[in-house]
Amino acid sequence: MKTRPPVDQDLLAVIGPDAIIEAKRRLAMLDAIAYAAARMMAGDWRDHVPDFLKRLGRATDMSRVTLFEVHPGPGGHRVQSCRFDWAGDGLRPLRDDPRYHNMPLSDGDDPTQPDDWSGKRERGEIVQAKLSQTTGYTRQVFLEHGTLSFISVPIMVARRWWGFLGFDDCKEERGWSSEEIHVLKTAAALIAGAVEREEADEKIRLSEERYALAARGAHDGLFDWDVKTGKTFFSPRLHEVLGLAPASLDGDIDALIQLFVKADGDFLRATFRHKYERREENFDIECRYEPRPGATQWIVMRGLIVYGKEGPRRVVGALRDITRQMEVQKRLSDAERKRANLARYFSPNMVDGLMQTGGRLDEARTQRVTVLFADIWGYTTISAAMPPLQVMTLLRELLRMFEKAIFAHGGTLDKFLGDGLMATFGTPKAGPRDAANALACAVAMADAIARWNAKRRANDLKPMHLGIGLHHGDVVLGDIGSERRMEFAVIGDTVNVASRVQEMTRALNIAVLASDDVVQAARREAGDEAIREFNDSGEHELRGRTGKIRLWSRAAER
């Protein structure tokens, strides 16, 4: 029987054990990812995969975690092989089983046509299965390994399917929440990033080797500096690397250092002083050189400091042009930094959409979307009598509940607004059911707080009420931030109307109010079924606006 970690009894009484267990499991998964990320950046990522899979397996309470790679097989067609795995107590590993190497991606006669699961993975989709839902060969494999449920997350490298992470549960037929799946995608993205860096390094190495074949002599320029006298030998190749005339440095180390950008030259001198004081022998220093205005050449100096009894005697080293390598690394680091920055401010689907366009935030455009505003009634009054820490815990719990509903219905969390929020449906890209999804999300949020209030009443706590307003129309999308902080804004009259509709929920004492534009758009998208829980509440005036607007309402159990 599966054991559960201890939980906080106060939270347990309010939100139930499953939500707490899931939250703690997600935190453990994120800890495992953070632990592995710090180590994969420092060396060969493969050296750290076994420990990463073990930590993921324990964090997710899985029975087995596998890493499969897709690669060319003996016949020239793509196959998949288990490269790494972790198995819980009593389970045998798969990586040593020859059946799980060079496995075909097809279950038919044509090896170029992937089977259903492989096709989904190649499209970047999650694959989930439970024993009770399987048949045929898949069921046989499940029974052989004692698997009751399984999920796999594809690893996409530069938009191509590289492999997947697989998770087997031999204890129960388990389902995964959207939040947990987002964390699993992050784990797969960590592997993908490590593979991308490895491939980029290999391209750089091959490029440097080709250049070396074309260049005359050794790739590096050599120097031998007598620290006491300052006299320095510079090889002819060093002058070539810097684009200088032969012997133009005239054996003077200062003449070389003065070629570098002043800040880098100062740093080079300070580094040597630091190493002299500590009698450190090795150095590896990067500097910029501007052979002409507007052109920057990156140089790396590596070598050895030879010491005598009184201090440094000679500095012997090599100088290499690394301009192309630095340009490639900058492109890679810019992409990683861009995704990290986007993830600080935007929801997962917003980040994915923006990264597909290169992370560009500065292209303003007009787009038809559905805007949702939500506000918690009575929060200020109730929270006034609570300690600050308890206030923040309560607010986080509420907003997390709403965030879950928004992401589950394909929405983007635009921003938190104190004890409320704004969400959009149809950003960054419009979809076929944006208005219908927004109405369904509003219903889910209203039902969620009704269930939450029932638990509060059972614990003699005051309930809180939610007001949700929705409107559908054209907005302007674009970046209104500065260089120091990005702010992807959704602005326009549609946003203002949605906010005013939300304000009307208090006046009418209705949980959810949607404009007629939302309702008609949802009806066009999904038929009458999309609006079956909404009733025509007639026309109403909105604050600060002329004329009336027809509103549709959906009450909630208080």
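Me: How many bridges join strand β1 to strand β2, and which way do they run?
Reply: This is a predicted model, and in it nine bridges link β1 (residues 64-72) with β2 (residues 78-87), the two strands running antiparallel.

Me: Which residue in β2 is the bridge partner of Pro 72?
Reply: Arg 78 is the bridge partner of Pro 72.

Me: And what's the strand order in the open sheet?
Reply: Six strands make up that open sheet, ordered β3-β2-β1-β6-β5-β4, with antiparallel pairing. At the edges sit β3 (103-104) and β4 (127-130), each of which pairs on one side only.

Me: Which strands does helix α3 lie across?
Reply: Helix α3 (residues 49-60) lies across β1, β2 and β6 (160-169). Relative to β2, α3 runs at about 65°.

Me: Switching topic: Leu 256, buried or exposed?
Reply: Leu 256 counts as buried because its relative accessibility is 0%. Leu 256 belongs to helix α8 (residues 253-257).

Me: What is Leu 256 in contact with, leaving aside neighbours within four places in sequence?
Reply: Its contacts are Phe 234, Leu 242, Leu 249, Met 301 and Leu 319. Phe 234 is 22 residues away along the chain, and the C-alpha atoms of Phe 234 and Leu 256 are 9.6 Å apart.

Me: OK, now α16. Which residues are buried there?
Reply: In α16 (residues 516-526), the buried ones are Val 518, Val 519, Ala 521 and Ala 522. Looking down the axis of α16, these buried residues fall within an arc of 165°, so they line one face of the helix.

Me: What follows α16?
Reply: Gly 527 does, and the phi of Gly 527 is positive, near 80°.

Terms used
Residues are numbered from 1 along each chain as its sequence is written. This is a predicted model: local features need pLDDT of at least 70, side-chain atom pairs count only at pLDDT 80 or more; totals for chains, interfaces and linings use all residues. Side-chain values use heavy atoms; hydrogens and water are left out. Buried means under 20% relative accessible area, exposed over 50%, partly exposed in between (1.4 Å probe, protein chains only). Helices (H or I, at least four residues) and strands (E, at least two) are DSSP runs, numbered from the N terminus. The arc is that of the directions from the helix axis to the C-beta atoms. Two strands pair if DSSP finds at least two bridges between them. Contact means heavy atoms within 4.5 Å. Axes are lines fitted to C-alpha atoms, for helices over the stretch in contact, and angles run from 0 to 180 degrees between N-to-C directions.
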